[in-house]
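Here's a quick tour of a model you can follow on screen. Have a look at it first, then read on.

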Amino acid sequence: GYMLDGFPRTIQQAEALETITADLKKPLDAVINIDVAPAKLVDRLSGRFICKTCGATDHKIYNPPKVAGTCDRCGGHEFFQREDDKP
Ligand SMILES: [Zn+2]
């Protein structure tokens, strides 16, 4: 078996997953939909930043680095935001 977390994120990915699971004859058994208010989702997604050096993920509200602007894991100072994490 398998569990997917954070995938699919787009309609295209969902359609691709549907094709893949059909080809493999391993359909999904269940889907867990966590219902969250849209404004809360935007807060969660748009506050997420990824370290360019090591890929660690921080969040400006829910998981800020101990020192602002510095990655806790590697000490890096450059971060980026994924396109699909933007409001
Ligand atoms: Zn880092």
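Is Tyr2 buried, partly exposed or exposed, and why? This is a predicted model, and in it Tyr2 counts as partly exposed because its relative accessible area is 44%, which falls between the 20% and 50% cut-offs. You'll find Tyr2 in the segment before helix 1 (11-23). Tyr2 also belongs to a nonpolar patch on the surface, together with Leu4, Phe7, Leu28 and Val31. As a group, these residues have about 470 Å² of accessible area.

Now for the metal. The zinc ion is held by the SG atoms of Cys51, Cys54, Cys71 and Cys74, at 2.3 Å. Along the chain, the donors are spaced as C-x2-C-x16-C-x2-C. The site is tetrahedral, with angles of 102 to 114 degrees among the 4 donor atoms. For reference, the ideal angle for four tetrahedral donors is 109.5 degrees.

How do two of those cysteines sit relative to the surface? Cys71 counts as buried because its relative accessibility is 3%, under the 20% cut-off. Cys74, at 36%, counts as partly exposed.

Here are the residues with a stated accessibility:

| Residue | Relative accessibility | Class |
|---|---|---|
| Tyr2 | 44% | partly exposed |
| Cys71 | 3% | buried |
| Cys74 | 36% | partly exposed |

Finally, the overall layout: the chain splits into domain 1 (1-33) and domain 2 (35-87). Between the C-alpha centres of domain 1 and domain 2 there are 26 Å.

Methods:
Residues are numbered from 1 along each chain as its sequence is written. This is a predicted model: local features need pLDDT of at least 70, side-chain atom pairs count only at pLDDT 80 or more; totals for chains, interfaces and linings use all residues. Side-chain values use heavy atoms; hydrogens and water are left out. Donors are N, O and S atoms within 2.8 Å of the metal (3.2 Å for Na, K and Ca); water is not among the atoms, so sites may look incomplete. Four donors count as tetrahedral if all angles lie between 85 and 135 degrees; four count as square planar and six as octahedral if opposite donors are over 155 degrees apart and all others between 65 and 115; anything else is irregular. Buried means under 20% relative accessible area, exposed over 50%, partly exposed in between (1.4 Å probe, protein chains only). Patches are made of residues with over 30% relative accessible area and no salt bridge: like charges are joined within 9 Å, nonpolar side chains (Val, Leu, Ile, Met, Phe, Trp, Tyr) within 5 Å. Accessible areas come from the Shrake-Rupley method with a 1.4 Å probe; for residues, only the protein chains shown count as cover. A salt bridge is a side-chain nitrogen of Lys or Arg within 4 Å of a carboxyl oxygen of Asp or Glu. Helices (H or I, at least four residues) and strands (E, at least two) are DSSP runs, numbered from the N terminus. Domain bounds come from an automatic or database domain assignment.
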